[in-house]
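Dear colleague,

Please find below the structure I promised to hand over, together with its sequence. My notes on what was found in it follow.

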Amino acid sequence: MIQVVTLGLLFGWHFSHVSHFIGQHQKSYENVRIILNVHPDEVKIREDGISIRAFNNSFDHQGVQAFIPLESPKLQQSFQNNSQDLQLEVAGNLGPLAQPTNVNQFDFRRIMYGKKVYFNLNKTQLINVRQLPLKSYQAWMHHWRKKLLDRCQQFAEPLRSYCAGIILGEQTDFLKENSEKLRNLGIIHLFCISGLHVFYFIKLIEKIGIWLRIDRETLFTIQMVVLPVYFVFGGGSTSLFRAITLVLIKLVAQRLRLNFGGGVEAWCIVLLINLWLNPFVLLQMGGQLSYLLSLVLISQSTTSSLKISFKLFLIEIPIILFSMYKIHLLTVLFNLLCVPLFQA
């Protein structure tokens, strides 16, 4: 009881602090001149400019979403070829993210809040661009992620999109189209709960370690370093955070010989960590499906694929209907075919 009250007070204070911070930023500022720091893999090339999400700015040191028109094709190509962090000096109108104007309209603001982006920069004018040196580990990781994304662009479809999407977590037009098909089939949630690629990644490291005759202590250190690095390379999605953090906690528990009964305790710790880092994680459909359905898979005692599929179907119905207003009647059948694969 003391633990519950303590956690409730701690998280209540934290959420109140975040809410107060956001409330202070619900103002508009015209003709401001600010400096944005942008990772190279956060620059999206458009037909008439670039779309960026800055991880830091000189105004409030938070993320900013902006579209910067570019008239010069040469300048646009330089952004495309860049693989280092950029410091952009821009001018424009700084204001809060737009709220939905119609009932049940897609809430883009909620998605961006989950990425710690509270401002949108409009009527933007680019004044100056400067490359930042590769001094930090984070800068190096985004540098190599951009290099890998550029390498993926040399492949033909669908290999290009599968490589960029599955390995690096980058959404392409091809993947968006297929994601819509998965939503229509009612199995998109399986990709929210899947830790399959993380599972095989860990097994690959173990196999290589055994083949190279690396001792357990060194192998443990390698896994603890490589997994957070892959979180950045993999795009940093909610499902990837959950899967990687869960594996890290289990590795530490095995190392310290702690017993996390059935994995539910580890799941709770991961959720608390994610809520502390991102209080909006459970306000998004991906976060709701990722945590709720993974809890079902962790806590279920039956091994029957039919029963598991039916449970997943019943739990996902209100979430998907609330967000998408439709559900496929054959979802249970599709789950029956796919759950054994994703349950790993």
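Predicted model: local features only at pLDDT ≥ 70, side-chain atom pairs only at ≥ 80, totals over all residues.

The strands concerned are E3 (residues 49-54) and E5 (residues 63-69), which run antiparallel and are joined by six bridges.

These two strands belong to an open sheet of seven strands with mixed pairing, in the order E2-E3-E5-E7-E6-E1-E4. At the edges stand E2 (43-45) and E4 (56-57); each has a single partner strand, so one side of each is left without a neighbour in the sheet. By way of background, strands of a sheet pair through backbone hydrogen bonds, either parallel or antiparallel.

A helix also packs on this sheet. Helix H2 (residues 73-81) lies across E2, E3, E6 (86-96) and E7 (117-131), and runs at about 135° to E2.

The axes of H11 (residues 264-277) and H12 (residues 285-299) come within 10 Å and cross at roughly 165°. An angle over 145 degrees counts as roughly antiparallel, and H11 and H12 are therefore roughly antiparallel to each other. Their crossing is right-handed. On the H11 side, the contact is made by Val-264, Trp-267, Val-270, Leu-271 and Asn-274, and on the H12 side by Tyr-291, Ser-294, Leu-295, Ile-298 and Ser-299. Of these contact residues, seven are nonpolar and three polar, with no charged residue.

With kind regards

How values were computed:
Residues numbered from 1 in each chain as written. Heavy atoms only, no water. Axes fitted to C-alpha atoms, helices over the stretch in contact; angles between N-to-C directions. Helix = DSSP H or I, 4+ residues; strand = E, 2+ residues; numbered from the N terminus. Parallel < 35°, antiparallel > 145°, perpendicular 65-115°, else oblique. Left-handed = near helix turned anticlockwise from the far one by under 90°. Contact = heavy atoms within 4.5 Å. Nonpolar A, V, L, I, M, F, W, Y, C, P; charged D, E, K, R; others polar. Pairing = 2+ DSSP bridges.
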